[in-house]
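Hello,

Here is the structure we talked about. Please open it first, then read the notes below.

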Amino acid sequence: MTRAFPATSATSVTATDGGPAVEVRDLVKRYPKRPVNAVDGISFTVGRGEIFGLLGPNGAGKTTTIGVLTTRVKATSGSANVGGVDVVAHPVAARARLAVVPQRVNLDRALTARQNLVFHAAYHGVPVAERNRRADAVLEQFGLADRAKDKVDFYSGGMGQRLLIARAMMHAPEVLFLDEPSTGLDPQARLFVWDRIREMRANGVTIVLTTHDMDEAATLADRVGIMDHGTLLALDTPDALTRSLPGSTTLDLTIAHAAGDSPAAIIGELSAVRGVEQVESVASDQSGGGGMPGGPPPAPAAPQSAPSELRVRLYLTSEAAALIAPVTELLLGRGARLTAISLGEPSLEDVFISLTGRDLR
Amino acid sequence: MPSGSDRSGAGAVRAFGALLWRDVFVTGRELVAFLAQVILQPLFLLFVFGKVLGDLGYTQDNFAQVLLPGVIAFTAFLTALQNVAFPLVIDFSYTKEIEDRLMAPLPTSMVAVEKVVFATLRALIAAVLMFPLGYWVLGEVSITWAAVPAVAMFLVLGALVGAAVGLTLGTLVTASKINLVFAIVLTPLLFTGSTQFPWVSLDDLRWFQVICAVNPLTYVSEGMRAEMLPSLDHIPAWVSGLALLGYLVVFMAIGIKGFLRRAID
Ligand SMILES: Nc1ncnc2c1ncn2[C@@H]1O[C@H](COP(=O)(O)OP(=O)(O)OP(=O)(O)O)[C@@H](O)[C@H]1O
Ligand SMILES: [Mg+2]
């Protein structure tokens, strides 16, 4: 079920169509009495209708960035526009265009779930009949209709999180900021929230979200920015980011070769194939040394009894699929046969770790 | 300004109204708790000091009528102060409930002003209730119809100043210190506010008179007494009014500054 609320008149008036939904330039934030910048000169733009993910370890500056964009944190320098409105110069106009789902639940505990929604819409000038209609629709949509009259004190963490997202939709924002929207959600609720986010995007809402969840970033975001220590280390589509990690595409081969052939010779020849960076043999009974390339390949496994089987992992500099043909040909030439093959693509997590390191924050 | 500034102006007024309506709505549902909270203390004060001590002969005949304006002033001032300060401390320190209202399309300072306006409304209700209660406990209330507008003005001013002091305290104090600060601030505020005695009569206790002159509550009490008991020596009403206006400006400025500091990192 999709739901497109017409934008309230106040929000549509000064919208400058065409420009990016979010534009951040050289943004710096230093909190008082702090030795370092929490956000240290980041720039990025988010196109209209895009889902943009900010990924980063604890303390990277994600929440601070969202804080500036949502007028809750005062920038030290740099500029930030949301929906074509300068959030520093015109915070009130900006607030009419954006909505935020905070990292911490901040529901109004004096009110019921439904009242939370209705009052939020009232603050944003949505007329009475319309806000009641929207509240019922959104409660239904988020599976909270039967708990609509409960005080939010009695809500579980996950229900509260859903209600926060529902609340953010009440005034039909142009840009929605979600700070770790799926933290604390069960797998069902997480998938559910992802669906809602995609649905909002389909309705033309621009989404900026932060997350630690690589899956979430990879499956949901059109583009991902990886942040650490207040700076943006990389910014691209999840695909491009993973492709950018050199030598991390792998091709695992299981080869049945003639009893007289030497594994070392086969490995030597495979290493010479264009696009292969390095070859290491993998013991038959384990799934492989795995992980990142870089270290010297381990010594080839001891020759095995017939029928001779060899398992190797090829680290590639080009796409894996393109190498299947030359490798097959090469093996046939030696009278060997491919019995199993599997492609390994690096994950966003590999990219994340390679950029931000393994230190705990 | 963007071309929609008129509309954001209208939007801000609407948002302000909605914030106020939220507070009225929430209070409306806990009316009994609200009344108990604001009425019990002044009621007992009136009963023991005005009625019991009078009947036992420990106080002069007219003391009850000296006390009543002071108690009403104190009710207006302190109800407003507490109704701003306590919720703010909790909101900013723990629940962050106020965040959704801070995201409403109106200037952040207006969220603080709304708190002050609402607390003033609550305080006025409490203060007005003290008139019939005073009549019930003491058997008479010294006031003329002609004095009502001026009395109302002093109540409004007193509640506003109390709320502004509450805004200052509520944004300066952290939750862990709230009990300490209130113990240190509220008790002296209550006993140096000329609620239980006319300020002018302190001429022989000069140092205490000077301390009382610093307390804004003194001017609410004295203003009320000037209107309700004009025959008694009192600070001229215009002096009390001006003093309250001055305090209002000062505490609103400090309070709003503190509010902005807490609301925006
Ligand atoms: N109100 C504040 N006052 C002072 N320092 C702050 C404040 N808020 C955040 N910081 C600091 O700024 C840095 C960035 O914090 P931020 O909350 O933006 O990180 P984050 O990326 O959202 O982390 P997480 O993933 O843990 O939520 C941290 O070092 C943090 O300690
Ligand atoms: Mg965060």
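How much area do chain A and chain B bury between them? About 3,000 Å², with 57% of it on carbon and sulfur atoms. Keep in mind that this is a predicted model.

On the chain A side, three residues lose the most area to chain B: Arg72(A), Arg95(A) and Tyr123(A). Together they make up 26% of what that side buries. As for contacts, 36 residues of chain A touch 32 residues of chain B.

There are also charged pairs. Between chain A and chain B the count is 5 salt bridges. Look at Arg167(A), which forms a salt bridge with Asp100(B). Their closest N and O atoms are 3.6 Å apart.

Next, the metal. Which protein atoms are donors to the magnesium ion (ligand 2)? They are OG1 of Thr63(A) and OE1 of Gln103(A), at 1.9 to 2.3 Å from the ion. Thr63(A) lies in helix H2 (residues 62-69) of chain A, while Gln103(A) is in the loop between strand S6 (98-101) and helix H4 (113-123), so the pair ties together parts that are 40 residues apart in sequence. Thr63(A) is partly exposed, at 37% relative accessibility. Gln103(A) is partly exposed too, at 43%.

Last, turn to chain B. Leu40(B), Phe44(B), Phe47(B), Val48(B) and Phe49(B) make a nonpolar surface patch of about 460 Å².

Best wishes

Methods. Residues numbered from 1 in each chain as written. Chains lettered and ligands numbered in written order. Predicted model: local features only at pLDDT ≥ 70, side-chain atom pairs only at ≥ 80, totals over all residues. Heavy atoms only, no water. Donors = N, O, S within 2.8 Å, 3.2 Å for Na, K, Ca; no water. Helix = DSSP H or I, 4+ residues; strand = E, 2+ residues; numbered from the N terminus. Buried < 20%, exposed > 50% of the residue type's maximum accessible area, 1.4 Å probe, protein only. Patch = residues over 30% accessible without salt bridge, like charges linked within 9 Å, V, L, I, M, F, W, Y side chains within 5 Å. Areas by Shrake-Rupley, 256 points an atom, 1.4 Å probe, with all protein chains shown as cover. Salt bridge = Lys/Arg side-chain N within 4 Å of Asp/Glu carboxyl O. Contact = heavy atoms within 4.5 Å. Buried area = accessible area lost by both parts, 1.4 Å probe.
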